[in-house]
Structures are given as C-alpha cells and as structure tokens.
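These are my notebook entries on one protein chain.

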Amino acid sequence: MSSLIAQTITVTGQGGDEIEAYEARPAGGHRRGGVVVIHHLPGYDRATKEIVRRFAELGYNAVCPNLFHREAPGADPDDAAAMARARGGAPDDRVVGDVAGAAAHLRALDTSNGKVASIGYCSGGRQSVLAACSTPLDAAIDCYGAFVIGDTPEGYPVTMKGLEDKLPSLGCPLLGLFGKDDQHPSPADVARLGEILRENGKDFEFHSYDGAGHAFFATDRPSYRVEAAVDGWDKIADFLNRHLS
C-alpha cells in the first residue's frame, strides 16, 4: 500500500466561512483527480474519515467538509449532528457552497488534474446530487440518497425537499447505488429518479442490490451487506477512473 497524508484542515465554505474539513492524499507529486466526500446525517465521524482515506488509497485527493461545523465547532460528531438535526439539518444553499469550497480546495492542490467528483451516503447522497445540479463537478455518486425524490414526511428529524425541479440542471455523469430493501429511497423512488434523468437526457447509471437496505456500505452497522458493498466499491472505482482520469 502506498503511503498517505491525512490531516484536519480548513476550507472556505458558503459565505466565506472557514470550516473544518478532513483531507487525505496519496504521497507523491503525480497529478490526480479529487473527491469531495459528503458525510451522512450522523455527521463528520470516524466512519466518514475512513472513507476519505479509502479514496486516497484509490489514488485520489479527497476531502470531507464538516457540514455541521457552524453548529458546533470542535464538538463530538454525535453532539454536533444532534444540534444540526434540532435546527432542521444543514440548509441546501449552505451545503452547495461548502461542497463548492471543498471542490475549489481540491482543484487548487499542486497535484490536482482539475477534475473533481462528489460522493455522499444517505442524506449525503441527496446532497451529492444537489451539488451536481448546482455547482460545476466532473462526476457525482449517490449512495442511497434519501429524498432526492419526494419530501421528508411529517415528523421526520430533518426537513428535506425533493430535487425533482433541480434534476434538469444535473451537469455531470451520475452513479447511483441502492438497496432494493430500502424505503428511503424506495425502489419506486429510484425508478422515478431514473425516469426524470432519462427524460432530460442525462448521463447516469444505477445499480440496485438484492438483500440490501439502507446503509449497506456501513461496516459498523447491522445494515452492512458485504457482497453489495464490495461490488459497490468496484463500481465506484470504475466510475471515477472513467471520469476523473
């Protein structure tokens, strides 16, 4: 395994705010693409940082902005996530600005080839699609993003609006990875998302896994499904190789 550089940094997010972020890069000076990792609703946690390092192992510069930094700078991820949920979650416009700032950071690195993708899981999957509809990216990956289609139901811990009206603005290829046993998004939601993208002539590919529900990539949860996760990582690596090389 090649050596990595991993560190906590700051990036300039929405409105010029300096926010905490976690960065991992392969050692060496060759030029490479970058990946913005968008954390899930539980926050900027250890599991997410492991994903950032995995992209560095795959040969990319990677960074995860802490979308809840403003609510609780320096706080435990669980506490910060709870505070953010109590306020309805990170606002969409702020998320877009923070992802754009992280992408700008990656493009400014000496080892950047200028290409950047986004990836997110659960709420982060939705936000990856949102970012790809709202700011220039070269590729985007949605891992079981809830409420890309349809709004959050009454009583849900955060408020999210469906992105149906934004999907015609999707500006890059999209990879979607879903579980057939998931309810948010359900197979019907995934099918509807595909219909809208197809109607608008977008470049996308979806893969849905039998026996997998929500969070099947999460190795620290009972929802983890090894066969779906291994194949999903293979799909991610191939997709990024095609679009970030």
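Sheet. I began with the strand order, and I find an open sheet of 8 strands running β1-β2-β4-β3-β5-β6-β7-β8 with mixed pairing. Two strands pair if DSSP finds at least two bridges between them. Helices (H or I, at least four residues) and strands (E, at least two) are DSSP runs, numbered from the N terminus. β1 and β8 (204-209) stand at the edges with a single partner strand each, so one side of each has no neighbour in the sheet. From one strand to the next, the twist averages 20°.

Basis. I note that this is a predicted model, in which local features need pLDDT of at least 70 and side-chain atom pairs count only at pLDDT 80 or more, while totals for chains, interfaces and linings use all residues. Residues are numbered from 1 along each chain as its sequence is written, and side-chain values use heavy atoms, with hydrogens and water left out.

Strand pair. I looked up β3 and strand β4 (residues 61-65): they run parallel and are joined by 3 bridges. V35 stands opposite A62 in β4.

Helices on the sheet. I find α5 lying across β6 (139-143), β7 and β8, at about 170° to β8. Axes are lines fitted to C-alpha atoms, for helices over the stretch in contact, and angles run from 0 to 180 degrees between N-to-C directions. Helix α6 (residues 226-244) also packs on the sheet, touching β3, β5 (112-121), β6, β7 and β8. The direction of α6 makes about 150° with that of β5.

Helix pair. How do helix α3 (residues 92-108) and helix α4 (residues 123-132) pack, and at what angle? Their axes are 10 Å apart, at about 75°. α3 and α4 are therefore roughly perpendicular to each other (65 to 115 degrees). D92, V95, V96 and V99 of α3 meet R126, Q127, L130 and A131 of α4, where contact means heavy atoms within 4.5 Å.

Cores. Of its 46 residues, V36, F68, V129, L137, L167 and L193 touch the most other members. α3 gives the largest share, 6 residues. A second, separate core has 35 residues, among them F55, Y60, C143 and Y209.

V129. Beyond its neighbours within four places in sequence, I find V129 in contact with D142, V148, L163, L167 and L174.

How values were computed: Parallel < 35°, antiparallel > 145°, perpendicular 65-115°, else oblique. Core = buried A, V, L, I, M, F, W, Y, C linked by side-chain atoms within 4.5 Å. Buried < 20%, exposed > 50% of the residue type's maximum accessible area, 1.4 Å probe, protein only.
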